[in-house]
Amino acid sequence: MFDKSLGIRHLVCGSCNGCEHEMNALNNAYYDITREGWDIVASPRHADVITVTGPMTEAMREPSHETVEAVPRPRVVLAIGDCAAGEGVWAGAPSAGEGAGIELGAAIFVPGCPPTPDAIRAGLAEAAKRLA
Ligand code: SF4
């Protein structure tokens, strides 16, 4: 990565899409994370950060671990939303995992259901700081 830039690859592991709705705002003219040198990338090979949402589904468990492993080191897994932390509406449900962030070893957790774009942005800033 270049100094302070971030390649971000997103993983959906059973999210209701509410967290993604807030993440999408990061690309609008108001939040525009590209001004920070941060961008969503198409491949984990080009990523520094994996963002992950949802409680973890059975179908996503193996591919999500493979995706994280495909990201070059150093890397950061950033869990977005309460579900990814094993809390929130899916906590304890028989079809839900422990939380995608927990299962994938997230270093940073952004709480909320869903978190605001500002909170997600702060989480990304923390990831950039740890990777710098
Ligand atoms: S934290 Fe809330 S908004 Fe995000 S995936 Fe879970 S239920 Fe949906």
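R121 is buried, with a relative accessible area of 17%; buried here means under 20% relative accessible area, exposed means over 50%, and partly exposed lies in between, using a 1.4 Å probe on protein chains only. This is a predicted model, in which local features need pLDDT of at least 70 and side-chain atom pairs count only at pLDDT 80 or more, while totals for chains, interfaces and linings use all residues. Residues are numbered from 1 along each chain as its sequence is written, and side-chain values use heavy atoms, with hydrogens and water left out.

Let us stay with R121 and look at its partner. R121 forms a salt bridge with E36, and their closest N and O atoms are 2.6 Å apart. A salt bridge is a side-chain nitrogen of Lys or Arg within 4 Å of a carboxyl oxygen of Asp or Glu. E36 lies in the loop between α1 and β2 (38-40) while R121 sits in helix α4, so the pair ties together parts that are 85 residues apart in sequence. Helices (H or I, at least four residues) and strands (E, at least two) are DSSP runs, numbered from the N terminus.

In total, the structure holds six salt bridges. Another of them joins R61 to E103, with the closest N and O atoms 2.8 Å apart. This pair also links distant parts of the chain, with R61 in helix α2 and E103 in helix α3 (residues 100-103), 42 residues apart. R61 is partly exposed at 26%, whereas E103 is buried at 18%. Both belong to a network of salt bridges that also includes E58. R75 and E69 make a salt bridge too, with their closest N and O atoms 3.2 Å apart, and here E69 is exposed, with a relative accessible area of 53%.

Now for the nonpolar interior. In soluble globular proteins, nonpolar side chains tend to be buried together. A nonpolar core is a set of buried Ala, Val, Leu, Ile, Met, Phe, Trp, Tyr and Cys residues joined through side-chain atoms within 4.5 Å. The largest one here has 20 residues, of which L6, W38, V49, L78, I120 and L124 touch the most other members. Two or more residues come from each of β1 (6-12), α1 (18-24), β4 (76-80), β5 (108-110) and α4 (117-131). Helix α4 gives the most to this core, with five residues. Apart from it lies another core, of 15 residues, including I50, V68, A84 and A100.

Leaving aside its neighbours within four places in sequence, T67 is in contact (heavy atoms within 4.5 Å) with L11, P44 and I50. T67 counts as buried, at 16% relative accessibility.

Next, the ligand. The residues around it are S15, C16, G18, C19, G81, D82, C83, V89, G112, C113 and P114, where being near means having a heavy atom within 4 Å. By class, this shell has six nonpolar, four polar and one charged residues. Ala, Val, Leu, Ile, Met, Phe, Trp, Tyr, Cys and Pro count as nonpolar, Asp, Glu, Lys and Arg as charged, and the others, Gly among them, as polar.

Finally, the cysteines. C19, one of the residues around the ligand, is buried at 11% relative accessibility. There are zero disulfides, a disulfide being a pair of cysteine sulfur atoms within 2.5 Å. C13 is buried as well, at 0%. Its closest cysteine sulfur is in C83, 11 Å away, which is too far for a bond.
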